[in-house]
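Here are a few notes to go with your first look at this one. Have the viewer open while you read.

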Amino acid sequence: MNPFDLDRERIAGYVARHGSPLYLVSRERLRENFRRLDEGLPAAKLFYAVKANPHPLILETLHEAGAGFDVASKGEIQAAVGAGANPRDDLIFADTVKDPRHIRYAWDIGLDDFTYDNASELTQIARHAPGAFVTLRLAVSNEGAVVHLSEKFGAPDDEAVPLLTAARDAGLVPRGLSFHVGSQCLDDRRWVEALETCARVRD
């Protein structure tokens with residue numbers, strides 16, 4: 001049984017019209033999934049990672065539902081803005097290894113929220129987006145995830161306070177902490193551990 005309960009005749013019709021392989025997305029399901037998550041996290045603004053699927057109709061549907069967007073490049077910024085997003089209110093430049101030209105482009109169109117995890121990236125943000133808000137990404141365990149990123153991105157927690165202080169000293173505005181427990185992480189303990197790490201850094 002497919003998730004949309006489509007009969008074989010209807011599927012065959014789609015294939016005849018569009019060819020195969022064929023990828024179907026339900027805009028109704030997108031809206032419903034977003035609504036459920038939004039209701040479960042009422043104090044948070046949700047940001048969809050454009051890299052997951054940048055199709056214009058997906059971005060437009062999520063923007064209409066109230067989502068912001070996590071962008072990682074100039075192209076993703078343009079895609080999100082093309083879907084109706086406001087650069088200042090709806091976007092966060094969350095990649096931690098950004099092309100300096102993309103930082104400048106983002107700043108020039110009003111995007112003022114950037115993520116970093118090292119001193120070099122911080123220097124680039126301060127140079128090309130002076131006075132911007134910054135969020136420090138922490139390295140956390142990805143155990144239990146399908147895709148592991150803990151060895152590739154994120155600052156060790158013992159470097160967090162110096163990096164936050166360096167951001168402040170560079171004229172930037174530290175806004176908070178972030179982490180990624182890995183794609184399709186099936187172990188909820190990873191979130192608990194990551195939040196506990198954030199609490200230690202905050203304290």
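Which residues in α6 meet which residues in α7? Keep in mind that this is a predicted model.

1. On the α6 side, the residues that meet α7 are Pro100, Ile103, Arg104 and Trp107. Their partners in α7 are Glu121, Gln124, Ile125, Arg127 and His128. Sorted by class, this contact of α6 with α7 holds four nonpolar, two polar and three charged residues.

2. Now for how the two helices sit. Helix α6 covers residues 100–108 and helix α7 covers residues 119–128; they pack at an angle of about 40°, and their axes are 9 Å apart. That angle makes α6 oblique to α7. If you want the handedness too, α6 passes α7 in a right-handed crossing.

3. Next, have a look at Asp113, which belongs to strand β4 (residues 113–116). Is Asp113 buried or exposed? Its relative accessible area is 10%, so Asp113 counts as buried, the cut-off being under 20%.

4. Staying with Asp113, its side chain joins that of Arg175 through a polar contact of 2.6 Å. Setting aside neighbours within four places in sequence, Asp113 is in contact with Leu91, Ile92, Phe93, Phe133 and Thr135, as well as with Arg175.

5. Last stop: the two ends of helix α1, residues 8–18. At its start, Asp7 has a side-chain oxygen that reaches to within 3.2 Å of the backbone nitrogen of Glu9. Just after α1 comes Gly19, with a positive phi of about 85°.

Terms used: Residues numbered from 1 in each chain as written. Predicted model: local features only at pLDDT ≥ 70, side-chain atom pairs only at ≥ 80, totals over all residues. Heavy atoms only, no water. Axes fitted to C-alpha atoms, helices over the stretch in contact; angles between N-to-C directions. Helix = DSSP H or I, 4+ residues; strand = E, 2+ residues; numbered from the N terminus. Parallel < 35°, antiparallel > 145°, perpendicular 65-115°, else oblique. Left-handed = near helix turned anticlockwise from the far one by under 90°. Contact = heavy atoms within 4.5 Å. Nonpolar A, V, L, I, M, F, W, Y, C, P; charged D, E, K, R; others polar. Polar contact = N/O pair within 3.5 Å; in protein donor to acceptor, adjacent residues only side chain to side chain. Buried < 20%, exposed > 50% of the residue type's maximum accessible area, 1.4 Å probe, protein only.
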